[in-house]
Amino acid sequence: MNHIAISAESVADVDSTVIYLQDRGVTTLFETPRHRPEFAQDPAATYYQVMFESPDRILFEVVYTGPK
């Protein structure tokens with residue numbers, strides 16, 4: 001297993017996760033949050049993610065996939 005992904009309902013939900021993590025001193029990884037067009041299903045869609053590690057080093061991703 002590489003990581004655990006959690007689906008978000010919107011870009012705003014991903015951004016809220018980032019604020020939650022920042023308020024608790026959790027570092028985001030891999031230059032996230034960011035859009036990843038190479039993972040989007042088509043040009044009208046987006047793949048927007050934040051990635052972080054838990055204290056026991058489990059990698060998590062919160063991701064919105066859907067219309068831009």
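Reader: Where is Phe30 found in this structure?

Author: Phe30 sits in strand β2. Strands here are DSSP runs of E with at least two residues, and helices are runs of H or I with at least four, both numbered from the N terminus. Before we go on, note that this is a predicted model, in which local features need pLDDT of at least 70, side-chain atom pairs count only at pLDDT 80 or more, and totals for chains, interfaces and linings use all residues. Residues are numbered from 1 along each chain as its sequence is written, and side-chain values use heavy atoms, with hydrogens and water left out.

Reader: Thanks! What should I look for in backbone angles and peptide bonds?

Author: Most residues other than glycine have a negative phi, and most peptide bonds are trans. Now look at Phe30, which is not a glycine and yet has a positive phi of about 60°. Strand β2, residues 28-35, also holds Pro33. A cis peptide bond links Thr32 to Pro33, with omega about 10°.

Reader: Where is Arg57, and is Arg57 buried or exposed?

Author: Arg57 belongs to the loop between β3 (45-53) and β4. Its phi is positive too, about 70°, although Arg57 is not a glycine. Arg57 counts as exposed because its relative accessibility is 63%. The cut-offs are these: buried is under 20% relative accessible area, exposed is over 50%, and partly exposed lies in between, using a 1.4 Å probe and protein chains only.

Reader: How do I read the pairing of β3 and β4?

Author: Two strands pair if DSSP finds at least two bridges between them. β3 and β4 pair in the antiparallel sense over nine bridges, and Val50 stands opposite Val62 in β4. Together β3 and β4 form a hairpin, with five residues between them.

Reader: In which sense do β1 and β4 pair?

Author: β1, residues 4-7, pairs with β4 in the parallel sense, over four bridges. Here Ile4 is opposite Phe60 in β4.

Reader: How many residues of β4 are buried?

Author: Seven of the nine residues in β4 are buried, leaving the strand mostly covered.

Reader: And why does Thr65 count as partly exposed?

Author: Thr65 lies in β4, residues 59-67. Thr65 counts as partly exposed because its relative accessibility is 45%. A contact means heavy atoms within 4.5 Å. Leaving aside residues up to four places away in sequence, Thr65 touches Thr46 and Tyr47. For a distance along the fold, take Thr65 and Arg36: they are 29 residues apart along the chain, and their C-alpha atoms are separated by 9.9 Å.
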